[in-house]
Amino acid sequence: MTNNGKRNAIMERKTSETDIKLRFCVDGQGEADVDTGIGFFDHMLKSFAKHGLFDLQVSVKGDLFVDCHHTIEDVGIVLGEAIKEAIGDKKSIKRYGSVMLPMDETLILCAIDLSGRPYLVFNGEFQASSVGYFDTQMVKEFFYAISYSAGMNLHIKQMSGENDHHIIEGMFKAFAKALDEATLKDPRIKSVLSTKGAL
Ligand SMILES: [Mn+2]
């Protein structure tokens with residue numbers, strides 16, 4: 001869906017576990033309005049929008065009385081679907097994006113191929129079981145959900161890092177920067193960047 005020539009998507013998904021409304025614009029300015037009920041997750045999604053120069057609105061009513069699992073995983077599913085819908089036919093986009101992102105003692109590698117084939121390679125180690133009300137086990141689950149619902153080959157590798165807040169935030173920022181690059185349009189690319197002619 002396009003709005004003033006900008007690539008965006010509006011999604012709604014309701015199950016017995018979560019009720020999610022999400023709006024995503026690839027060609028944004030980093031503006032975010034996020035309320036998932038999990039403070040640290042809101043902080044991460046705002047960082048993702050800011051550093052990817054995406055616009056993102058997320059509103060979630062999740063079963064947080066159970067735990068954070070369904071809320072985080074389902075936002076990953078819906079954000080991945082929104083990314084897929086917003087980039088559409090992938091015409092003229094760079095397809096690949098990568099970054100080595102530092103955050104104090106932490107260094108995160110992220111590389112993306114918007115190939116249409118889902119695959120996640122995730123390498124990260126956390127000291128604590130949670131940051132705020134965000135379980136550190138859910139970081140991999142979130143990116144796994146995105147890679148599958150967006151049809152994206154996604155590598156996230158922790159090169160160094162000790163502080164869990166830094167490591168997770170570094171991952172979200174690195175993902176944002178790599179996705180921004182992969183979704184950028186290059187005027188030299190006349191159709192899609194594949195010898196097969198489709199992505
Ligand atoms: Mn922070």
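First a term: two strands pair if DSSP finds at least two bridges between them. Helices (H or I, at least four residues) and strands (E, at least two) are DSSP runs, numbered from the N terminus. This is a predicted model, where local features need pLDDT of at least 70, side-chain atom pairs count only at pLDDT 80 or more, and totals for chains, interfaces and linings use all residues. Residues are numbered from 1 along each chain as its sequence is written.

Now the sheet. Four strands form an open sheet with mixed pairing, in the order S6-S7-S11-S8. S6 (96-103) and S8 are at the edges with a single partner strand each, so one side of each has no neighbour in the sheet. S8 and S11 pair in the parallel sense, over five bridges, and Val121 stands opposite His155 in S11.

Which strands does H3 lie across? H3 lies across S8 and S11, and runs at about 160° to S8. Such angles run from 0 to 180 degrees between N-to-C directions, with axes as lines fitted to C-alpha atoms, for helices over the stretch in contact. Contact means that the C-beta atoms of two residues, placed from the backbone, lie within 7 Å. H4 also packs on the sheet, touching S6, strand S7 (106-113) and S11, and its direction makes about 150° with that of S6.

Last, H3 itself. Helix H3 covers residues 138-150. Its buried residues (20 or more other C-beta atoms within 10 Å of their own, C-beta atoms being placed from the backbone) include Phe142, Phe143 and Ile146. After H3 comes Gly151, with a positive phi near 70°.

Key
Expected span 1.5 Å × (residues − 1). Buried ≥ 20, exposed ≤ 12 C-beta atoms within 10 Å, placed from the backbone.
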